[in-house]
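Visitor: I have a structure open and would like to walk through it. Can we take it topic by topic?

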Amino acid sequence: MSLIEDQYDAYPYPERNPKDEAKRLVTGSPSHPLEIDHFLFGGARDWTQPIRILVAGGGTGDALIQMAQILTSAKRAYEITYVDLSTTARAVAEARATKRGLQGIRFKTGSLLDAATFGQFDYIDCCGVLHHLPEPQAGFDALAAALAPGGGLGLMVYAPYGRSGVYPLQEAFGALLQGGPKERLKEAKAIFKRLPEAHPFKRNLQLVDHQASDAGFYDLLLHSQDRAYTIREIYQSVEAAGLEVVGLPQAPVYDPSPLLPDPRILVGIDDLSRKEIAEKLRGTIKTHVLYAARQGEAAGRVAKPSPKAVPHLKGVSGAKLAQVIAEKGVLPVMLNGERIELPVSGMSAGLLRHVNGRANLNEIASANRLDPIAFSALWNGLSDDLCHYGLMYYSSLLR
């Protein structure tokens with residue numbers, strides 16, 4: 001058994017208690033079905049057709065449970081294959097699914113490197129796994145081989161600058177500590193208490209896993225196989241696998257413009273280099289989340305406003321958001337601790353009152369007694385801002 005299998009069998013990650021399924025659903029990015037539809041299927045996937053999903057390296061099941069529960073609640077058919085090396089993590093994921101009465105899931109103990117042997121999939125989730133492989137590119141290649149034509153992937157990998165202080169500690173603990181996971185954890189915690197307060201890790205306010213649980217401490221600071229990717233490196237690995245990035249849910253953090261006294265100094269710098277500059281200037285990005293499709297199939301994958309497009313607001317009702325804008329005169333957005341205020345006209349904000357995840361843009365325009373031209377003039381700029389900041393997605397899921 002490898003050190004990684006030992007780790008996750010001793011400390012399944014993230015730490016989850018199946019009893020908690022009765023009181024909350026863990027949601028996030030990538031792999032929320034609304035986000036999948038928005039970034040990979042133009043917001044218009046035919047949900048009357050079952051979706052085949054692979055959760056590659058599913059751990060204790062956050063992505064699995066999120067997708068299965070939301071699709072079940074929406075009465076949409078799905079077939080999900082969960083794969084993970086850890087039998088202990090798999091047991092937690094299975095217990096969570098059982099607690100919710102979720103069906104349509106097959107559980108496999110195995111490696112994501114064998115992804116194509118499990119079938120061809122319309123959507124593949126791989127969150128927090130590729131950076132733990134001895135040869136990560138083999139993982140990218142394996143996932144690409146399991147992707148059905150027209151399908152897409154949602155990926156999360158670690159980023160270096162927001163994880164400052166992590167890797168020196170991993171190396172030091174790796175050189176010092178022997179024995180099994182429990183012994184290593186006990187000794188590492190004793191050493192950690194003695195670290196100087198000026199240590200880069202202790203000054204890094206982005207990192208909290210080590211405070212949340214033993215599993216979090218071990219995964220963050222005692223992992224035996226862990227690398228981080230800059231935004232350029234992740235683009236390169238995706239491309240090497242025959243894939244192409246189609247969208248970044250956290251797109252605003254890759255824009256250096258707000259950090260510059262004169263954005264004109266970016267003239268002549270290509271898009272990926274701008275993202276690279278933003279990552280270095282911010283220094284707080286600890287993960288990269290992206291959606292990708294096969295090269296040659298990437299164009300037009302991200303949803304845009306159209307008469308039949310159905311908008312969904314993230315985490316807030318349209319009426320509430322319209323009220324906030326009316327009271328403040330702006331739309332306040334928090335971005336990695338930065339407060340941004342987006343100007344929104346009262347008339348544009350009023351349109352949000354009719355956004356409920358079921359009405360399409362034609363119907364929202366009619367409810368506001370606007371012709372298509374007048375509606376587009378008010379809606380399109382608002383839509384661009386809300387989608388850019390991850391506050392709105394287009395999806396026919398609930399239609």
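Visitor: Fine. What kind of model is it, and what are the ground rules?

Guide: This is a predicted model, in which local features need pLDDT of at least 70 and side-chain atom pairs count only at pLDDT 80 or more, while totals for chains, interfaces and linings use all residues. Residues are numbered from 1 along each chain as its sequence is written, and side-chain values use heavy atoms, with hydrogens and water left out.

Visitor: How many residues are in the largest nonpolar core?

Guide: The largest nonpolar core has 64 residues. Such a core is a set of buried Ala, Val, Leu, Ile, Met, Phe, Trp, Tyr and Cys residues joined through side-chain atoms within 4.5 Å. Buried means under 20% relative accessible area, exposed over 50%, and partly exposed in between (1.4 Å probe, protein chains only).

Visitor: Which residues have the most contacts inside it?

Guide: Leu130, Leu143, Leu155, Val238, Leu352 and Trp379. Helix α15 (residues 372–388) gives the largest share of this core, six residues. Helices (H or I, at least four residues) and strands (E, at least two) are DSSP runs, numbered from the N terminus.

Visitor: Where is His38, then?

Guide: His38 is in helix α2 (residues 33–40). With a relative accessible area of 2%, His38 is buried. Beyond neighbours within four places in sequence, its contacts include Gly43, Arg301, Val302 and Ala303, as well as Cys387.

Visitor: Switching to helix packing. At what angle do α6 and α9 pack?

Guide: Helix α6 (residues 166–176) and helix α9 (residues 214–221) pack at an angle of about 95 degrees, and their axes are 8 Å apart. That makes α6 roughly perpendicular to α9.

Visitor: How are the axes and the angle classes defined?

Guide: Axes are lines fitted to C-alpha atoms, for helices over the stretch in contact, and angles run from 0 to 180 degrees between N-to-C directions. Angles under 35 degrees count as roughly parallel, over 145 as roughly antiparallel, 65 to 115 as roughly perpendicular and the rest as oblique.

Visitor: Which residues make the contact of α6 with α9?

Guide: From α6, Val166, Leu169, Gln170 and Phe173; from α9, Asp219, Leu220 and Leu221.

Visitor: What about α7 and α9?

Guide: The axes of helix α7 (residues 181–192) and α9 come within 11 Å and cross at roughly 80 degrees. So α7 is roughly perpendicular to α9. The residues that make the contact include Leu185 and Phe192 of α7 and Phe217 and Tyr218 of α9.

Visitor: Last topic, the backbone. Which peptide bonds are cis?

Guide: Among them are the bond from Tyr13 to Pro14, with omega near -10 degrees, and the one that joins Ser29 and Pro30, with omega about 5 degrees. Pro14 lies in the loop between α1 (3–10) and α2, and Pro30 is in the loop between α1 and α2.

Visitor: And positive phi?

Guide: Most residues other than glycine have a negative phi, and most peptide bonds are trans. Ser31 has a positive phi of about 90 degrees although it is not a glycine, and Lys75 has one of about 60 degrees.

Visitor: Are those buried or exposed?

Guide: Ser31 is buried, with a relative accessible area of 0%. Lys75 counts as exposed, at 74% relative accessibility, and lies in the loop between α3 (62–73) and β2 (78–84).

Notes
Contact means heavy atoms within 4.5 Å.
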